[in-house]
Amino acid sequence: MEKRIGHILILILIPLVLSAQGRPEEFVKTDTLGKKKNIKFIGLPIAFYTPETEFGVGGGGQIFLLNNTNEYNQRLSNILFSGIYTTAGQIMFNVTPQIYIGSGDYFIDADYLFEIYPNSFWGIGPETPEENEEFYEQTTHKVKLRFLKRLPPDLNFGFTYNFANHQVTEVDEGGLLDSGDILGSDRTVISGIGAEFNLDTRNNTGSPTNGQLFEIGAHFSSQILGATHGFNKFTLDLRNYAPVGDKGTLATQIFIENNFGDVPFQGMAFFGGSSSARGYFYGRFLDKNMYVAQAEYRHQFKPRWKFAVFGLFGSVANDASDLLRFNSLKPGYGAGVRFKLLKEQGTWLRLDIGNGKDGQNGIYFGINEAF
C-alpha cells in the first residue's frame with residue numbers, strides 16, 4: 001500500500017547514537033562524537049497507532065553517510081530500515097536508501113517493502129456502504145527506484161521504476177473478492193517505468209514551516225515488463241507552507257490521482273489514511289480517480305509544543321468528470337498536538353483526531369506532519 005511505513009513510523013524514545021561523526025540537524029547533538037568516522041548509526045524504537053493497523057511496535061535504524069551530503073540543502077544521504085508487527089496481525093519490513101551523488105546534483109531514492117497485511121475491502125466507488133466490509137489478507141513485495149537530476153536552483157527531474165507483487169492469500173467466502181469479478185482479487189503484478197518532476201523549496205521535509213512542493217508524476221505498468229495488468233497512473237501534488245505571524249504556519253495541499261486502463265484494485269487511488277484524508281480508513285473508498293484538498297493551521301505555543309487544526313474534502317470516481325459531484329463529496333476535520341523530541345532537532349511526535357462523513361473517525365499517532 002501507498003507508502004504506509006512512511007506515514008506511520010514514529011520514534012518513541014530519544015534515538016541512540018552508536019557510532020558516527022558530525023550530525024544531521026534533525027537528530028542529535030554531536031559535541032561528544034568522534035571525528036574519524038564517516039557514518040552514523042541511530043537505533044529507532046518504533047510505536048504507532050492508526051485505524052488501519054491498530055497498535056504497532058517494532059524497531060529499526062538509520063545509517064547516515066556523513067561524507068555524502070546534498071550541499072544545496074544540507075540533507076544527508078541515509079538508509080532507513082524497520083521491522084514492525086501490529087495488533088491487527090500485520091507484519092512489515094521496509095528499507096529506504098536515499099543517496100546523493102555529485103554533491104547533490106543527482107539523487108537515488110529507493111524503497112523496498114515486504115508485508116503480510118490483513119485488511120478491509122468495501123468495494124470500488126464513492127458510495128460503497130458500510131455493510132459491504134469484508135476482510136482479506138495479502139502478501140506484498142514492493143520495490144520503487146527513483147533517479148533524479150537536479151535542475152538549479154530547486155527543480156528535480158528523473159525516471160522511476162515500480163514493481164509490486166501482491167498475492168491475495170485469504171478472502172471472505174462469498175464476498176466481492178471471492179467472486180473473482182474484481183481485478184487483482186487473486187494476484188497482481190505491477191511493473192513499469194515512469195517519470196517525475198518536482199520543485200521543492202521547503203525548509204524542512206518532515207515539518208516544514210516555509211516553502212513549496214510541486215510534484216508531477218507519470219507511471220506506467222506494462223505487461224511487456226511482466227505486469228499482469230496494463231495501466232497508466234498520473235499524480236499531481238501541490239503543497240504550500242506560509243508563515244502566519246511569528247509562531248504559526250498555514251499548510252495547504254491539493255493532491256490529484258488519475259488511473260487509466262485495466263487497473264487492479266491494488267493500483268487504484270486509496271482515499272483516507274494518516275496523511276491525505278484523516279478521519280477515513282485508508283482505502284475505505286477507492287477508484288480510478290481521486291482528489292483531496294486539505295488545509296491545516298499549526299501554532300507553536302511553547303518551544304516544544306504545537307497544536308493544529310485541519311479541514312479537508314475530496315472524493316473518488318471511476319470517471320474524472322464525476323469527482324466534483326456534491327453527493328459524493330467527503331469532508332473531514334480534526335485537531336491535534338505535536339511534541340518536539342529534543343530542543344536541538346526538528347523531529348516532532350504527532351497525535352491527531354480526525355472525523356469524516358457518516359460518523360467515520362480515526363486516531364493517528366505518528367512522526368512529523370501529515371503533509
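## Asn 198 and its surroundings

Setting aside neighbours within four places in sequence, Asn 198 is in contact with Arg 146, Leu 148, Asp 154, Leu 155, Asn 156, Leu 213, Phe 214 and Glu 215. This is a predicted model. Asn 198 sits in strand E9, which covers residues 187–200. Is Asn 198 buried or exposed? Its relative accessibility is 6%, so Asn 198 counts as buried, because buried means under 20%.

Take strand E6 (residues 106–121) and strand E7 (residues 134–151) first. They run antiparallel, and 16 bridges join them.

How many residues does the hairpin use to join E7 to E8? It uses three.

## A cis bond in the loop

Look now at the loop between E7 and E8, where Pro 153 lies. The peptide bond joining Pro 152 and Pro 153 is cis. Its omega is about 5°. Most peptide bonds are trans.

Strand E10 (residues 211–221) pairs with strand E11 (residues 231–244). The two are antiparallel, with eleven bridges. Within this pairing, His 219 has Lys 233 in E11 as its bridge partner.

E11 pairs again, with strand E12 (residues 248–261). These strands run antiparallel, and 14 bridges join them. Thr 235 stands opposite Glu 257 in E12. The hairpin of E11 and E12 has three residues between the strands. In that hairpin, Gly 245 takes a positive phi near 70°.

## Two cavities

How many cavities of 30 Å³ or more does the model hold? The count comes to two.

## Gln 90, a buried loop residue

Gln 90 is in the loop between strand E4 (75–86) and strand E5 (91–101). Its relative accessibility is 0%, so Gln 90 counts as buried. The cut-off for buried is under 20%.

What does the side chain of Gln 90 reach? It reaches the backbone oxygen of Pro 118 at 3.0 Å. A polar contact of 2.7 Å also joins the side chains of Gln 90 and Thr 86. Not counting residues up to four places away in sequence, Gln 90 touches Glu 52, Thr 53, Ile 84, Tyr 85, Ile 116, Tyr 117 and Pro 118.

## Ile 353 in strand E18

Ile 353 belongs to strand E18 (residues 348–355). It has a relative accessible area of 47%, so Ile 353 is partly exposed. Exposed would need over 50%.

Which residues does Ile 353 touch, not counting residues up to four places away in sequence? They are Phe 310, Tyr 333, Gly 334, Ala 335, Gly 362 and Ile 363. Ile 353 and Phe 157 are 196 residues apart in sequence. In space, their C-alpha atoms are 36 Å apart.

Most residues other than glycine have a negative phi. Glu 54 is not a glycine, yet its phi is positive, at about 60°. Glu 54 is found in strand E3 (residues 54–70). Glu 54 is partly exposed, because its relative accessible area is 37%.

Asp 358 also has a positive phi, near 60°. Where is Asp 358 found? It is in the loop between E18 and strand E19 (361–367). Asp 358 is exposed, because its relative accessible area is 71%, and exposed means over 50%.

Terms used. Residues are numbered from 1 along each chain as its sequence is written. This is a predicted model: local features need pLDDT of at least 70, side-chain atom pairs count only at pLDDT 80 or more; totals for chains, interfaces and linings use all residues. Side-chain values use heavy atoms; hydrogens and water are left out. Two strands pair if DSSP finds at least two bridges between them. Helices (H or I, at least four residues) and strands (E, at least two) are DSSP runs, numbered from the N terminus. On a 1 Å grid over the protein atoms alone, a cavity is a set of points where a 1.4 Å probe fits but cannot get out, and a pocket is an open set with protein on both sides within 12 Å along at least five of seven lines; lining residues have an atom within 4 Å of a point. Grid points are joined across faces, edges and corners, and a volume is the space filled by probe spheres set on the points. Buried means under 20% relative accessible area, exposed over 50%, partly exposed in between (1.4 Å probe, protein chains only). A polar contact is a pair of N or O atoms within 3.5 Å; within protein, one must be able to donate a hydrogen and the other to accept it, and residues adjacent in sequence count only if both atoms are side-chain atoms. Contact means heavy atoms within 4.5 Å.
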